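Dear colleague,

I am handing over the structure below, together with my notes on what was found in it. Please read the notes with the coordinates open beside them.

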Amino acid sequence: LTLIETNILVLLINSQKPVSKEEINSRVLGYSKNVNSHSLDSHIYRLRKKLAKVSSQTEIITKNNGFYKIS
């Protein structure tokens, strides 16, 4: 995993509720909450592929248009 992917994963694991794209952009990528970056989508895509290789039960779910949760 890259450092950014690791930080996204840690944030999702430690959160009790779904995490918004804005919060991930701000806390992990260092972007303003108002930035709509496709960079986050790319990181999530690659992270999902890597998770699928190691576990069929753990996945990142998109909730309510723009929120992510790990299950």
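Which residues of helix 2 (residues 21-29) are buried? They are Ile24, Asn25, Val28 and Leu29. Because these four cover an arc of only 105° around the axis, they sit on the same side of helix 2. The cover over them includes helix 1 (3-14), strand 1 (19-20), helix 3 (38-54) and strand 3 (67-70). Just beyond the end of helix 2, Gly30 adopts a positive phi of about 80°.

Please bear in mind throughout that this is a predicted model. The mean pLDDT of the protein chain is 89, with 92% of its residues reaching 70 or more. Within the chain, helix 2 has the lowest confidence, at a mean of 88, whereas helix 1 has the highest, at 95.

As to the overall fold, the protein chain contains three helices and three strands, and read from the N terminus its elements follow the order α-β-α-α-β-β. The radius of gyration is 11 Å, close to the 11 Å that the globule rule gives for 71 residues, so the chain is as compact as a globular protein of that length. The C-alpha trace spans about 35 × 25 × 20 Å along its principal axes. Of the 71 residues, 30% are buried, and the accessible surface of the chain comes to about 4800 Å², with 49% of that area belonging to carbon and sulfur atoms.

Turning to the strands, strand 3 pairs with both of the others. With strand 1 the pairing is antiparallel and runs over two bridges, and here Val19 has Tyr68 of strand 3 as its bridge partner. With strand 2 (residues 60-63) the pairing is again antiparallel, over four bridges, and Ile61 has Lys69 of strand 3 as its bridge partner. Strand 2 and strand 3 also form a hairpin, with three residues between them, and in the turn Asn64 has a positive phi of about 45°.

Between Lys49 and His38, which are eleven residues apart in sequence, the C-alpha to C-alpha distance is 17 Å.

With best regards

Methods
Residues are numbered from 1 along each chain as its sequence is written. This is a predicted model: local features need pLDDT of at least 70, side-chain atom pairs count only at pLDDT 80 or more; totals for chains, interfaces and linings use all residues. Side-chain values use heavy atoms; hydrogens and water are left out. Buried means under 20% relative accessible area, exposed over 50%, partly exposed in between (1.4 Å probe, protein chains only). The arc is that of the directions from the helix axis to the C-beta atoms. Contact means heavy atoms within 4.5 Å. pLDDT is the predictor's confidence in each residue, from 0 to 100. The radius of gyration is taken over C-alpha atoms; the globule rule is 2.2 Å times the number of residues to the power 0.38. Accessible areas come from the Shrake-Rupley method with a 1.4 Å probe; for residues, only the protein chains shown count as cover. Two strands pair if DSSP finds at least two bridges between them.
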